[in-house]
Amino acid sequence: MNITNDEYWDLFDINRMIKLKHHRRGDVIPDGLYHLVVHSWIMDKSGMFLVSQRQKRRSYALKWERTGGSVLEGESSLSGAIREVKEELGIDLSGEISYFIKSEKRDKYHDFFDSWLFIVDKEKMHCVIDESEVK
C-alpha cells in the first residue's frame, strides 16, 4: 500500500503498449507517451442516464458529467472505470453489463480516453457520493 497517497499510472506508447510503469500523477508525461483515462455512462434498463455534478471547489465547477478519472498503475481500462464509479458514486458495477464504446488518443492531454457504457437495474443507481468530488 502506498502510504504517501501519491497516485501512480502506467504510461503507454502510441500503440497502447506499456512503456513506463510507476509514473507519478502530476509529473510531466514525456512526449510520445500517454496515460489512460476512463469515463463511464451509466444507464438503467429503461434508457435513463445517471450523471453527476462536480463539486464547486473543483475545475469545471458545478458542471454535469459522466463519472471518470485516471486509470491507476496495473489496472485495466474496465477495472479503472468500475473503481472510479465506486469511489465517486458508491455504486459497484462489477458484474454488470458493460460495453466498451470507444478510445480516443488525445495528444493535448497525453492520454487515451476510453468511454464505457454500463447497463444496470434502476435500484442499483442509488448513490453514496464522495463529497470531495461530487455535489
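Visitor: What is the volume of the largest cavity, and what makes a space count as a cavity?
Guide: The largest cavity has a volume of about 30 Å³, a volume being the space filled by probe spheres set on grid points joined across faces, edges and corners. A cavity is a set of points on a 1 Å grid, over the protein atoms alone, where a 1.4 Å probe fits but cannot get out. One cavity of 30 Å³ or more is held by the structure.

Visitor: Which residues line the largest cavity, and how are they classed?
Guide: The lining consists of Asp10, Phe12, Leu36, Val71, Leu72 and Glu75, lining residues being those with an atom within 4 Å of a point. By class there are four nonpolar, no polar and two charged residues, where Ala, Val, Leu, Ile, Met, Phe, Trp, Tyr, Cys and Pro count as nonpolar, Asp, Glu, Lys and Arg as charged, and the others, Gly among them, as polar.

Visitor: What kind of model is this, and which residues count?
Guide: This is a predicted model, in which local features need pLDDT of at least 70 and side-chain atom pairs count only at pLDDT 80 or more, while totals for chains, interfaces and linings use all residues. Residues are numbered from 1 along each chain as its sequence is written, and side-chain values use heavy atoms, with hydrogens and water left out.

Visitor: What makes a space a pocket, and which residues lie nearest the centre of the largest pocket?
Guide: A pocket is an open set of points with protein on both sides within 12 Å along at least five of seven lines. The largest one holds about 650 Å³ of space and is lined by 21 residues, with Val37, His39, Arg54, Arg58 and Gly69 nearest its centre. Two or more lining residues come from each of strands S3 (35-44), S6 (64-65), S7 (67-70) and S9 (111-120) and helix H1 (77-89). By class, this lining has five nonpolar, six polar and ten charged residues.

Visitor: How do you know that S1 and S2 pair?
Guide: Strands pair if DSSP finds at least two bridges between them, and S1 (residues 8-12) and S2 (residues 18-24) have four bridges in the antiparallel sense. Strands here are DSSP runs of E with at least two residues, and helices are runs of H or I with at least four, numbered from the N terminus. Across the pair, tyrosine 8 stands opposite arginine 24, and tryptophan 9 stands opposite histidine 23. Five residues lie between the strands in this hairpin, where arginine 16 takes a positive phi near 65 degrees.

Visitor: Why is S1 called largely enclosed?
Guide: Five of the five residues of S1 are buried, so the strand is largely enclosed by the rest of the structure; buried means under 20% relative accessible area, exposed over 50%, and partly exposed in between (1.4 Å probe, protein chains only). Both faces are covered, with Tyr8, Asp10 and Phe12 buried on one side and Trp9 and Leu11 buried on the other.

Visitor: What makes arginine 16 and aspartate 114 a salt bridge?
Guide: A salt bridge requires a side-chain nitrogen of Lys or Arg within 4 Å of a carboxyl oxygen of Asp or Glu, and the closest N and O atoms of arginine 16 and aspartate 114 are 2.5 Å apart, so the pair qualifies. Arginine 16 lies in the loop between S1 and S2 and aspartate 114 in strand S9, so the contact ties together parts that are 98 residues apart in sequence. Arginine 16 is partly exposed at 28% relative accessible area, whereas aspartate 114, at 0%, is buried.

Visitor: How many salt bridges are there in the structure?
Guide: The structure holds 16 salt bridges, and one of them joins lysine 45 to aspartate 121 at 3.1 Å, N to O. This pair links the loop between S3 and strand S4 (49-50) with the segment after S9, 76 residues apart. Lysine 45, with a relative accessible area of 55%, is exposed, while aspartate 121 is partly exposed at 38%.

Visitor: How many aromatic pairs does a search of the whole structure find?
Guide: The search finds four aromatic pairs. Tyrosine 34 and phenylalanine 112 form a tilted pair, 5.2 Å centre to centre with 50 degrees between the planes. Tyrosine 34 lies in the loop between S2 and S3 and phenylalanine 112 in strand S9, so the pair ties together parts that are 78 residues apart in sequence. Rings of Phe, Tyr and Trp (its six-membered ring) pair if their centres lie within 6.5 Å, and planes under 30 degrees apart count as stacked, over 60 as edge-to-face and the rest as tilted. Tyrosine 34 and phenylalanine 112 are both buried.
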